[in-house]
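Subject: Structure for your review

Dear colleague,

Please find below the structure that I am handing over to you. My notes on it follow.

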Amino acid sequence: MSANESAILLIHCRDQRGLVATVADFINRHGGNILHLDQHVDRQKGVFFMRAEWELSRFDLKPGEIETCFDLEIGRKFAMSWRLFYSEQRSRMAIFVSKFSHCLYDLLARCQDREWQVDVSLIISNHPGLEKVAKGFEIPFYHIPITKDNKVEQEKKQLTLLKEHQVDVVVLARYMQIIGQEFVETFPNQIINIHHSFLPAFVGARPYHAAYERGVKIIGATSHYVTKDLDAGPIIEQGVVTVSHKDSVEDLIRQGQDLEKIVLAKAVYSHLMHRVLVYDNRTVVF
């Protein structure tokens, strides 16, 4: 165990008195030093959310023992839904792309620069054009074309690859395909998508052109977890920039793609840092 390793606990449950004190006391009794402790109460629904992170260097429970002890002492008593992560664990990411490369390049650059605690295990695309990018970063690339007739079969191939590479997070970096229900259910709250925030007003293949024709004054981007309902999953991150009558279609596209990169990167980072809790198709992002 690294001297800097920490444990990260995500909790949600019915709001009750003493929850913060009880969790803090558990960490303290076992020798932990709290690094971060954030909590939120949804007062309308009566739900408590918490993210607690503490040092493990002097903690008297080992990974594996922590989970058992916490569940016995606290988790069951308060009927908590909880997950425990360790800071030194590296996530394994798969990136799905189609023809647009801007989000792909941005993600790969951040990973190469070690901004994130993650390994990109593979890149999957329904088009062959971005294979050269994958080769440049020395990442396995799989071209899996999809039509309405072979979609189910091809998604099974994708799932097999993800299992072989032990992937735990999938990022759709402008992957222009609708993900099937079996795929979504295999990776609940582990598939992150990015799209322009013109939806549903400007649907279709040329949203920026349609927005230009309407004279929009802001453009935006939204990153969310993928669910079986198209583009209706829990939102992780959003952003907007102002535009004006002076901006051409090309200006809108350029600014929109810049925003997509930033919003997607923020969402992926929050996920990798275990800062996101999902409840009733909404997120709490600490």
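**Helix 3 and what follows**

Helix 3 is followed by R114, which has a positive phi, near 60°. Helices (H or I, at least four residues) and strands (E, at least two) are DSSP runs, numbered from the N terminus. Please note that this is a predicted model, in which local features need pLDDT of at least 70 and side-chain atom pairs count only at pLDDT 80 or more, while totals for chains, interfaces and linings use all residues. Residues are numbered from 1 along each chain as its sequence is written, and side-chain values use heavy atoms, with hydrogens and water left out.

The buried residues of helix 3 are H102, C103, L104, D106, L107, L108 and C111; buried means under 20% relative accessible area, exposed over 50%, and partly exposed in between (1.4 Å probe, protein chains only). These residues pack against strand 5, strand 6, helix 4, strand 8, strand 9 and helix 8, where contact means heavy atoms within 4.5 Å.

**Cysteines**

How many disulfides are there? The count comes to zero, a disulfide being a pair of cysteine sulfur atoms within 2.5 Å. The sulfur of C103 lies 13 Å from the closest cysteine sulfur, that of C111, which is too far for a bond. C103 counts as buried because its relative accessibility is 1%. C111 also counts as buried, at 14% relative accessibility.

**Nonpolar cores**

A nonpolar core is a set of buried Ala, Val, Leu, Ile, Met, Phe, Trp, Tyr and Cys residues joined through side-chain atoms within 4.5 Å. The largest one has 33 residues, of which M93, I95, W116, I123, L264 and V268 touch the most other members. Two or more residues each come from strand 5 (91-97), helix 3 (102-112), strand 6 (118-125), helix 4 (131-136), strand 8 (169-172), strand 9 (191-196), strand 10 (218-225) and helix 8 (249-272). Helix 8 provides the largest share of this core, seven residues. Another core lies apart from it, with 23 residues that include A52, W54, M80 and Y86.

Leaving out residues up to four places away in sequence, I95 touches L104, L107, L108, V120, L122, I123, I124, V171 and A173.

N126 is found in the loop between strand 6 and helix 4. Is this residue buried or exposed? N126 counts as buried, because its relative accessibility is 8%. Its side chain makes a polar contact of 2.8 Å with that of S98. A polar contact is a pair of N or O atoms within 3.5 Å; within protein, one must be able to donate a hydrogen and the other to accept it, and residues adjacent in sequence count only if both atoms are side-chain atoms.

S81 belongs to strand 4 (residues 81-86) and counts as partly exposed, at 38% relative accessibility. S81 and I11 are 70 residues apart in sequence, yet 5.8 Å apart in space, C-alpha to C-alpha. Neighbours within four places in sequence aside, S81 is in contact with L10, I11 and H12.

**Largest pocket**

On a 1 Å grid over the protein atoms alone, a pocket is an open set of points where a 1.4 Å probe fits, with protein on both sides within 12 Å along at least five of seven lines; lining residues have an atom within 4 Å of a point. The largest pocket holds about 700 Å³ of space, the volume being the space filled by probe spheres set on the points, which are joined across faces, edges and corners. Its lining comprises 31 residues, and R174, M176, H195, H196 and D231 lie nearest its centre. Strand 9 gives the most to this lining, with four residues.

With kind regards
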